[in-house]
Amino acid sequence: MRRSLCVSVFFGLLFPAQWAFPEPSEIWRFSLPPNAAADEAIRLAIQDLNETGQPLGLAFEISEGAPTDKDNWILVGGPDRNIAVQRFMAERDLDPVKDYFPQGFGLRTFSNGEKRTLLIAGASLVGDVRGLYWLWDRIRVHKKIPDLNEVRVPALNLRVDCPWGKSSPGGGSEARLRNSLRYGFNWVAGPPVLDLVPWDSEPEATRNASNRERARELIEYAHSLHMKMFSFSHGFAHHPSLIREVGATLSPCDPKFWEAVREKYRKLLTALPELDGIEICNDDLSGFWDDYEIYDPMHETPECGWSYTKRFREFVKTVYDVVVGEFGKTYFHFTWSLVLHELTTPEVHREIFTDEIPTENFYLKPKITQGDRWWHQPYNRTFNLTPHESVVMFETMNYYEGGRTNIFPTFAGEYYQSGLQTFLMPEDSKVVGVALGGGMPQNGWGTREAYDYVLYRLQWNPNESMEQIAKDFCSIHFGPELAEAMAEIYLLSPHAYKYGLHIEPVSYGQFNSFQHMRVGTFPEMGIPAIDQGREHLEFWKRVYLRCRPWMQETLQDLDHGLEVAEEMVGKFQEIKGRFEDSELAVEIKNRLTMTRLLIQTNNRYVRDAFALFDYLEEPSVESKSHLERAHQRLIAAREAFATSPGFGYQLFGVDLLLKKSAEALESIDSTRSLLRDAPTRQEIEETVANQQARYRSVLEEHGDEAVLFGRFEAQIDGNDILIISGTETEIHHMRWDHPSIKTLDITKPLPRKEVTVIPKDIESRPLHPFVLEQPTEANDFTARIYFEDEPGGHGWVRCELYYVEKSPEELGLSIPWLR
């Protein structure tokens, strides 16, 4: 019976003839096709094999001699390119698979008594490298070279990077490109479009010329690793000089506007023809900086009567005509939207991506989720609706985890797998790839590393056992002896987080299914310094009312999540003594404990809120006693959480609810009065608007006396407070993304005496800057400036800071909420 193998080759740069590691117990010799040792990807693959193999007693050498039975051999390449492979396969009557699947490869192990020969034969140059890195993966998993007998052909041919704003995760450096190579990426993101276009403006023109030189180096290196590079842009982000140059107005109804869109990409690809493609996202317009500006042709300029779908379709057609039509490049369109009734709605999606938009060299890039990286999210409904091919962008699904939160990783593999299988179900499925963040180092065991590893495996086989993938991931990082037990803990993690943190009845019907937490923060709603906590309580009352018809089931879900977290802790307790690395064991224990305490605090937080409204709606000795118990349990949970090693959360919302629960226990009438009489959001906005109007009048009336003492420029997404004392500043971040600060310059100290601080609004979106607290002796002469960007996404806040040496009362600027 004849057996089939895939055949391939991968070339590279110069590689040393021998790796000199101390006393390896097992040496493997490579037979490579002519010149293959000069291929950079081959060189890096063998270097990775040596670096991984050295602690395991494995060494790899390139040999120019003919293979013999006296040594261990790895024969790389197809019989048409490597004479050693040709002879070996002929002797064993092996047939190569033709090059139908150029990224595929076959592996076959042959025993020569005490020695072995491993055949790695790909269907193309790329397949050889993929085969070498699969061997690298197997060594990492098994801590040795196992017998390998399989043919691997990728189910999805595109593995695409996921950039955002200025971030170039997969292609921003040579080191990141190497990490992307390890996991089989073939499209990576380089520098963003804004930093590459030759704008007719300084310093941008000179700076971007330098950026392009660096980009050429990265593109050349990516190509040497058999990857292509694209550049990312948010919508029509641009430099104002482009609009002046074309003579356009910012309106879809102006034909010159569309010429400006064309010119942006003509300039880019004329100046940087080495670039392979571009990617654009037309929503969540937050990726701009310096003096660049953003215009949203999908929504702005309503006086132009074009519909949303017409605007969107015209934008895509215009970009396509230049990028693909004129330059023959590839165009990815990231179909992300902050609202559910636009791009992620099937009817709207079909109306945009009609047959007016060609399919050649054009890929849609929808997220796996309908919204964002929250649980209780339906899968995106826009796959396979039009003839356009697509790549699935995957989320890490850990909206509760930040850089300093120190919780146990989220292993979302089963969710990814089911979604991918769903999108691939139609016989004529248009899904041809996966999109994930590239460039990640491979030595960590966190959420991001697990995400990368799972998707690396699923791109080859979407039906592979998720238990096996989890076990392999854990074997890499914790060793084969602990792999199965640790995999059980990883596989439980999404159940703990989904049920322990989300509140299911309020997870449906709006874009955000997880409103009471964000990354490392329990946010407080409203402006408590003004509304005394009214908006926070009203938020929780809405949650309470949504959950009340199924209160028992809601609380059972939360308890189930906590039970799973406790089960994870218990499972680790059984195996922690088997860890040789005691520091690693302590870190895992602390992270599991942090996860349990996070979920417990959330559980008690929700229960305290529900008990509060039970008491407010039906006050009785029993309901008050119930609230007292819930209140004390939340205090205890918060204390245990906040004092746990590695704690890194902000508990603004929890602390505010504790304060309001305590007030209700002391006087239910005062809480009812607060909910009835404290200023509403509309009243606050009216009061703030009156203050802001008075700011303008005071600066006009006292212009000669006003002292400019600072400037502030930042992208704000949500709520932040700028605190100023003398020349010292602090940003108190309260909700949504942290601010991206361009300028915070205090040019003169704020006096240590009573003055009136006035922000002069240069550019902002509602609510516009206002003074939350003026400097007084009581607050140690500290000013607090409040910034809130209400619309979706980030918005610029630019303002100048003045003070006048008069009291707020003298200037008609006494702060009403402080009275």
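Author: A charge sits over a ring if NZ of Lys or CZ of Arg is within 6 Å of the ring centre and within 35 degrees of the ring normal. The model is predicted, local features need pLDDT of at least 70, side-chain atom pairs count only at pLDDT 80 or more, and totals for chains, interfaces and linings use all residues. Residues are numbered from 1 along each chain as its sequence is written, and side-chain values use heavy atoms, with hydrogens and water left out.

Reader: Which residue lies over the face of Phe88?

Author: A second case first: the charged end of Arg798 is over the ring of Trp796, 4.1 Å from its centre. Over the face of Phe88, at 3.7 Å from the ring centre, lies Arg92.

Reader: Are Phe332 and Tyr363 stacked or edge-to-face?

Author: Rings of Phe, Tyr and Trp (its six-membered ring) pair if their centres lie within 6.5 Å; planes under 30 degrees apart are stacked, over 60 edge-to-face, and the rest tilted. The structure holds 55 such aromatic pairs. In this one the ring centres are 5.4 Å apart and the planes are at 25 degrees, so the pair of Phe332 and Tyr363 is stacked.

Reader: How many residues apart in sequence are the parts that this pair ties together?

Author: Strands (E, at least two residues) and helices (H or I, at least four) are DSSP runs, numbered from the N terminus. Phe332 lies in strand S15 (residues 330–334) and Tyr363 in strand S16 (residues 362–365), so the parts tied together are separated in sequence by 31 residues.

Reader: Does Tyr415 count as buried or exposed?

Author: Buried means under 20% relative accessible area, exposed over 50%, and partly exposed in between (1.4 Å probe, protein chains only). Tyr379, at 22% relative accessibility, counts as partly exposed. Tyr415 has 14% relative accessibility, so Tyr415 counts as buried.

Reader: Which residue caps the N-terminal end of H7?

Author: Helix H7 covers residues 255–271, and its buried residues include Phe257 and Trp258. A side-chain oxygen lies 2.9 Å from the backbone nitrogen of Lys256, and the residue that caps this end is Asp254.

Reader: What is the radius of gyration of the protein?

Author: The radius of gyration is taken over C-alpha atoms, and the globule rule is 2.2 Å times the number of residues to the power 0.38. For 819 residues, a compact globule would be near 28 Å, and the protein agrees with this at 30 Å.

Technical notes:
Expected span 1.5 Å × (residues − 1). Polar contact = N/O pair within 3.5 Å; in protein donor to acceptor, adjacent residues only side chain to side chain.
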